[in-house]
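Hi,

Here is the structure we talked about. Please open it and keep it in view while you read my notes below.

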Amino acid sequence: MTGGPVTEQPSEDAVLARFEAFVAEGGKVEAGDDMPDAYRSAVLRFVEMHANSELMGVLPERDWLMRAPTLRRKLALTAKIQDEVGHAQLLYRVAEDLGKSREAMVDDLLAGRTKFHNVFHYPTRSWADVGIIAWLVDAAAIVAQQALRDSSYAPYARTMRKICWEESVHIMHGRDIVVTMATGTTNQRDQIQEALDRWWGPLMQMHGPRTPRERDLDLRWRIKAKSSEELRQEFLTIYVPRIRELGLTIPDPVLRFDDDAGTWIYTEPDWDELRRVVTNHGPMSEERLAFRRSARAETAWVRETILAAPQAA
Amino acid sequence: MTRGSDTLEPWEVFRQEKPGDPMRHGGSVLAPDPELAMHYARELYGRRQESVRLWVVRRADILDLDDPDLLQPPLDRSFKKPGGYVMREKLAAAREAAGQAKPKPRAARKVTPT
């Protein structure tokens, strides 16, 4: 942050006001810069939740590694899982520089003190779910992530540029699975439709309920650029036509674009379900966290070896 | 005996996308020594064949200067930039005095058949 030397000690409010004006003008904050504590914790919370979601998000896909229908699909899914874990590592690194250790972040995640995205609390019932997740869950995520490439917190913005580039491959991988099944046997078509029916609700909840812009501090501080409703509208604009062109039916009879209002009208997502699920009361929350806990215990020796003092020659 | 996680330190990673490109900052990794730092860098910044060269630098070894008084002094330095030289009117006056027409743009001359 710029600003020149401070001659007298300004009040906390004055510092915050000056900071808000700085980011509102497009100012960027680097890891070592002075920043208000409230901003630091808001960025940390945001990035930590994102990192948690990348880490937990591979578990539903992991279930299908040994059941992928062809070798090429298996390689692609393996690469995607590797990418997502890589994203978790990049994001935990960004968060660490804000003052919380990776150890503490994983502790909090596994103890249920911090959250991960709603969509990763659900089971995958068939290979079609893998396609729908890679296509539409990643698409909904990338709509949000593209808006983060200009975040006021510059290390996060830079990381998001790399992540978006990788996610765009995942979307193609997922779309290819969906298109292949949509042009396959009746059974395959049915499976894709059933997967869409299962995932539409969580997808519509994914960006969260509408919040008034002025009350959203993440927006005011330019940590993110778009509100949850803007992201949902953008997702619908791009993906509803792409879903419908495959002959699939979106399970929302109310869904339509209102030309006069210039917005999508849709059935109100089940916000109670969202709240239940992200507080780890989803159908797979406990099982996935338990899996992570046991994986962490099993790999403890790796971390201990890495941190062990070098042996004298 | 363990070194403990406090021996981990940040290393900045720079990557070159193709030969001849500048080394660009990619991000950072946390590692206890240079060897592991390079392994992590390769895993996170070279896994997809997106780099032809990686540099790993201990963050503590980087000298940082961002003092605006030194780097962005509030003085008129336009004489250091091409845009600081505006001569359109003087040039027009010179042409008029010399009885010369304004030369045609280079692209237009090129397509003229000879």
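Start at A:A140. Leaving aside residues up to four places away in sequence, A:A140 touches A:L203, A:M206, A:H207 and A:F235. Bear in mind that this is a predicted model.

Which residues have the most contacts inside the largest nonpolar core? They are A:I132 and A:A140. That core has 74 residues. Helix α5 of chain A, residues 127-146, gives the largest share of it, with 14 residues.

Next, look at how α5(A) packs on helix α7 of chain A, residues 186-205. Two packed helices are described by the angle between their axes and the distance between the axes. Here the angle is about 35°, and the axes are 9 Å apart. The crossing of α5(A) and α7(A) is right-handed.

Now the residues that make this contact. From α5(A) come A:A128, A:D129, A:G131, A:I132, A:L136, A:V137 and A:A140. From α7(A) come A:Q191, A:I192, A:E194, A:A195, A:L196, A:R198, A:W199 and A:L203. By type, the contact has 10 nonpolar, 2 polar and 3 charged residues.

Last, go to A:T305. It sits in helix α12 of chain A, residues 300-307. Is A:T305 buried or exposed? It counts as exposed, because it has 9 C-beta neighbours inside 10 Å, and the cut-off for exposed is 12 or fewer. Now find A:T267, which is 38 residues from A:T305 along the chain. The C-alpha atoms of A:T305 and A:T267 are separated by 53 Å.

Best wishes

Notes:
Residues numbered from 1 in each chain as written. Chains lettered and ligands numbered in written order. Predicted model: local features only at pLDDT ≥ 70, side-chain atom pairs only at ≥ 80, totals over all residues. Helix = DSSP H or I, 4+ residues; strand = E, 2+ residues; numbered from the N terminus. Buried ≥ 20, exposed ≤ 12 C-beta atoms within 10 Å, placed from the backbone. Core = buried A, V, L, I, M, F, W, Y, C linked by C-beta atoms within 7 Å. Contact = placed C-beta atoms within 7 Å. Axes fitted to C-alpha atoms, helices over the stretch in contact; angles between N-to-C directions. Left-handed = near helix turned anticlockwise from the far one by under 90°. Nonpolar A, V, L, I, M, F, W, Y, C, P; charged D, E, K, R; others polar.
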